[in-house]
Amino acid sequence: MIIGDRIRLRAIEKQDLPYYVKWLNDPEVRQGLSMIMPISLVDEEEWFASLQQKSPFERPLAIEIQPEPTIDKWVFVGNCGLFSIDWTNRVAEAGIHIGEKSCWSQGFGTETMQLILKHGFESLNLNRIWLRVFETNQRAIRAYEKAGFIQEGKFRQAQYLEGNYVDVIIMSVLRSEWKDNQ
Ligand SMILES: CC(C)(COP(=O)(O)OP(=O)(O)OC[C@H]1O[C@@H](n2cnc3c(N)ncnc32)[C@H](O)[C@@H]1OP(=O)(O)O)[C@@H](O)C(=O)NCCC(=O)NCCS
């Protein structure tokens, strides 16, 4: 378990899969993700089985929040993680989705990314953590900026989204920048 202030990150369990099916079929959630076709529980079961073949460091993590600080009850709201880890250059890509839309814009995305950065730099000894985000996903860009990510470039018109080509923004944090802000 990776513990933050209002959130914690844990391994994904099989009973989480129906939540993914619900969230990843929601057009509003999918708008920020590279997903086009509807997904089924069988798709998710296959995805879950494939996780066991991955390095433990690259397995996605479940995001749980604690709505009431005084009550020890945790609610599963989304998914995050580091992947494509390059151990020679100490670089990894980060990803996140919060499927429970009622939890958006309350700072949980920012806190999750801050926790991922801490985990990546302090526990995995990474030097650079980066991500890609559609230019249209202003909520995500704002959350990433609050967590410390800097926009460093873009892939122009790299994503076809609802009838338009949109730029894919590249954002990153270096370990030195992150340490300066601790
Ligand atoms: C992107 C996501 C992880 C952000 O998480 P979150 O918990 O909603 O983000 P936070 O509350 O930490 O921060 C969002 C910020 O954007 C702001 N915001 C919300 N809608 C906005 C908009 N349309 N334009 C600009 N800013 C916006 C919020 O007010 C908040 O900023 P503030 O704290 O300064 O007021 C979450 O919304 C999500 O999972 N979305 C669906 C999947 C997705 O897009 N994943 C990202 C793929 S790159």
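The largest nonpolar core of this predicted model has 35 residues, of which Leu9, Tyr144 and Phe149 touch the most other members. A nonpolar core here is a set of buried Ala, Val, Leu, Ile, Met, Phe, Trp, Tyr and Cys residues joined through side-chain atoms within 4.5 Å. Buried means under 20% relative accessible area, exposed over 50%, and partly exposed in between (1.4 Å probe, protein chains only). At least two residues of this core come from each of β2 (7-11), β3 (61-65), β4 (75-86), β5, α4, β6, α5 and β8 (164-174). Helices (H or I, at least four residues) and strands (E, at least two) are DSSP runs, numbered from the N terminus. α4 gives the largest share of this core, six residues. Apart from this core lies another, of 12 residues, including Leu17, Trp23, Leu51 and Phe76. In soluble globular proteins, nonpolar side chains tend to be buried together.

Phe149 touches Met113, Leu117, Ile129, Trp130, Leu131, Tyr144, Met171, Ser172 and Val173, leaving out residues up to four places away in sequence. Contact means heavy atoms within 4.5 Å.

Trp178 sits in helix α6 (residues 175-180). Its relative accessible area is 9%, so Trp178 counts as buried. Trp178 touches Leu117, Lys118, Phe121, Glu122 and Val173, again not counting residues up to four places away in sequence.

Now the ligand. The shell around the ligand has 23 residues, and Ile98, Gly107, Gly109, Thr110 and Lys146 come nearest. A residue belongs there if one of its heavy atoms lies within 4 Å. β5 (91-98), α4 (108-123), β6 (128-134) and α5 (138-147) each supply at least two shell residues. α5 gives the largest share, seven residues. By class, the shell holds 10 nonpolar, nine polar and four charged residues. Ala, Val, Leu, Ile, Met, Phe, Trp, Tyr, Cys and Pro count as nonpolar, Asp, Glu, Lys and Arg as charged, and the others, Gly among them, as polar.

| Residue | Protein atom | Distance |
|---|---|---|
| Ser105 | backbone N or O | 2.8 Å |
| Gly109 | polar backbone atom | 2.7 Å |
| Lys146 | polar side-chain atom | 2.5 Å |

The protein covers 75% of the 960 Å² of accessible area that the ligand has on its own (Shrake-Rupley method, 1.4 Å probe).

Residues are numbered from 1 along each chain as its sequence is written, and side-chain values use heavy atoms, without hydrogens or water. In this predicted model, local features need pLDDT of at least 70 and side-chain atom pairs count only at pLDDT 80 or more, while totals for chains, interfaces and linings use all residues.

Methods. A polar contact is a pair of N or O atoms within 3.5 Å; within protein, one must be able to donate a hydrogen and the other to accept it, and residues adjacent in sequence count only if both atoms are side-chain atoms.
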